[in-house]
Amino acid sequence: MRPAHPVERAVGIDYYVSDADGVGGRLRAAPEDFRVREREAVDVEPLDADPGAYPNVVFRATLRNWDTNDFVAVLADRLGFSRERFSWAGTKDKRAVTTQLFSVRWLDDPAFPDVGGAEIEALGRTGRPVLFGDLRGNEFEIAVRDAAHPDRAPAVSEALRAFGDCAAGQVAVPNYFGQQRFGTRRPVTHEVGLALARGDWEGAVIAYAGNPSEREPESTREARRYVEETRDWAGALERLPGRLGYERAMVHRLVENGGEGEADFADALRTAPNNVQRLFVNAAQSYLFNRMLSARLDRGLPFHRPVVGDVVCFADDHGLPDPDRGQRVTERRVDTIARHCARGRAFVTAPLVGTETELADGEQGEIEREVLDDEGIAPEDFDLPGEFGSTGTRRAILVATELDVADDPLTFSFSLPSGSYATVLLREYLKADPAEMR
């Protein structure tokens with residue numbers, strides 16, 4: 001193993017598992033260099049089905065250089081709808097060409113407006129909205145530009161194959177949450193969520209609206225420093241750039257309410273869209289998960305097979321990890337479950353901590369408790385109001401895939417299950433600053 005980039009270490013990613021040097025280069029020189037297509041898992045009724053029984057219109061959108069939230073905001077505005085009527089299966093990166101599913105509550109016959117950089121196709125109706133995770137995974141085709149050492153890719157592949165004990169043509173990496181979960185330029189969403197879990201609502205607002213980053217323009221850093229140092233909300237509103245829409249909305253609400261008590265800060269955080277509110281806590285859970293994986297690597301514990309005390313989950317009908325079907329690994333069962341893992345029928349997990357989380361036993365249990373103790377967090381701390389609360393779940397700690405690598409330009413083609421990050425695989429090949437991979 002070799003140490004991760006400092007920006008990655010700030011979000012709990014401490015290591016590369018491949019010691020081989022990277023190919024170099026950069027991602028997303030153009031949106032077409034990063035193509036993502038969802039593996040859809042939503043069944044729909046015809047568009048002329050009864051809207052009383054099927055009030056949600058499902059549509060597929062291919063987006064070029066669109067942030068998912070921004071696209072929905074523009075589409076909602078042009079339709080005259082609240083953005084809360086929209087939902088989608090997965091949030092995608094902006095600088096890419098992405099094909100993904102959305103739904104909108106729409107009782108009339110759908111007629112979508114033209115949106116630049118978007119191709120929209122109505123597919124049918126459903127009785128419930130498309131929800132986060134309503135997909136089997138994502139297919140990727142990603143080009144790396146200006147790779148100085150493309151000849152190093154095979155050595156990385158061999159290291160990743162060995163790490164996951166994979167078959168030929170496959171590779172595996174720790175199932176880290178990627179930098180996008182936290183913010184590539186300013187990774188702070190987990191700090192907001194951790195403050196919420198600790199009951200520090202004011203600290204959560206300051207972590208988001210303040211908390212300047214060296215990677216931001218100086219004028220933005222000055223505005224954030226002003227927020228931290230003065231708590232002068234009216235003055236902060238004058239200084240925060242217009243492009244920081246969520247921060248400005250929070251500060252504006254504090255100006256309206258006075259910004260002096262816990263209720264005011266909680267109300268300010270609720271100005272963020274529901275999915276962003278959820279993201280704050282999800283990012284805190286993701287950070288804790290990343291730290292647990294790094295600690296497991298540090299102890300030299302395997303990822304592809306269990307040790308006594310682990311919690312595994314079993315595969316669903318599509319061969320994907322089903323966190324609702326879990327089992328603790330005992331001394332008597334460890335060899336049997338290891339065989340299930342080798343055959344893709346079971347997966348070693350770590351927790352996304354929430355109110356219903358039961359921690360593992362053995363060495364993995366020690367890791368989970370040490371990380372939580374170090375952060376001053378307990379499962380019951382996620383008993384929070386509204387979108388901020390979470391019961392938690394578990395997540396596979398290893399992700400494996402078949403990988404095809406082509407030259408000129410160096411291009412990686414692979415698929416990943418829902419919730420896993422392409423950049424977590426590609427970081428092993430590039431060994432680059434995350435800013436070059438956003």
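## Burial and overall shape

Of the 438 residues in the protein, 51% count as buried (under 20% relative accessible area, with exposed meaning over 50% and partly exposed in between, using a 1.4 Å probe and protein chains only). This is a predicted model, so local features need pLDDT of at least 70 and side-chain atom pairs count only at pLDDT 80 or more, while totals for chains, interfaces and linings use all residues. Residues are numbered from 1 along each chain as its sequence is written, and side-chain values use heavy atoms, with hydrogens and water left out.

A compact globule of 438 residues would have a radius of gyration near 22 Å, and the protein agrees because its own value is 22 Å (taken over C-alpha atoms; the globule rule is 2.2 Å times the number of residues to the power 0.38). Along the principal axes, the C-alpha atoms fill a box of roughly 60 × 55 × 45 Å. The accessible surface is about 19000 Å², and 43% of that belongs to carbon and sulfur atoms (Shrake-Rupley method with a 1.4 Å probe; for residues, only the protein chains shown count as cover).

## Fold and contacts

The secondary structure comes to 13 helices and 16 strands (DSSP runs numbered from the N terminus: H or I of at least four residues for helices, E of at least two for strands). Among contacts in the protein with a separation of 6 or more, 73% are between residues 24 or more positions apart (contact means heavy atoms within 4.5 Å).

Helix H9 (residues 262-269) has Asp264, Phe265, Ala266, Ala268 and Leu269 buried. Those buried residues pack against helices H4 (189-197), H5 (201-209), H7 (233-239), H8 (245-257) and H10 (274-299).

Thr99 sits in strand S6 (residues 97-105) and counts as buried because its relative accessibility is 8%. Not counting residues up to four places away in sequence, Thr99 touches Val36, Arg37, Glu38, Arg60, Ala61 and Thr62.

Val405 belongs to strand S15 (residues 404-406), and at 34% relative accessibility Val405 counts as partly exposed. Leaving aside neighbours within four places in sequence, Val405 is in contact with Leu410, Thr411 and Phe412. Val405 and Gly169 are 236 residues apart in sequence, yet 10.0 Å apart in space, C-alpha to C-alpha.

## The second largest pocket

About 330 Å³ of space lies in the second largest pocket (on a 1 Å grid over the protein atoms alone, a pocket is an open set with protein on both sides within 12 Å along at least five of seven lines, a cavity is a set of points where a 1.4 Å probe fits but cannot get out, and lining residues have an atom within 4 Å of a point). Its lining has 16 residues, with Val311, Pro323, Glu356, Glu358 and Arg394 the closest to the centre. As for volumes, they are the space filled by probe spheres set on grid points, which are joined across faces, edges and corners.

Strands S10 (311-315), S11 (321-328) and S13 (393-396) each supply at least two lining residues of this pocket, and S11 gives the most, with six. By class, the lining has four nonpolar, six polar and six charged residues (Ala, Val, Leu, Ile, Met, Phe, Trp, Tyr, Cys and Pro are nonpolar; Asp, Glu, Lys and Arg are charged; the others, Gly among them, are polar).

## The cavity

The structure holds one cavity of 30 Å³ or more, and the largest cavity has a volume of about 120 Å³. Of the 13 residues lining the largest cavity, Gln179, Gln180, Thr423, Pro434 and Met437 lie nearest its centre. Helix H13 (residues 422-430) provides the largest share of that lining, three residues. The lining of the largest cavity divides into four nonpolar, five polar and four charged residues.
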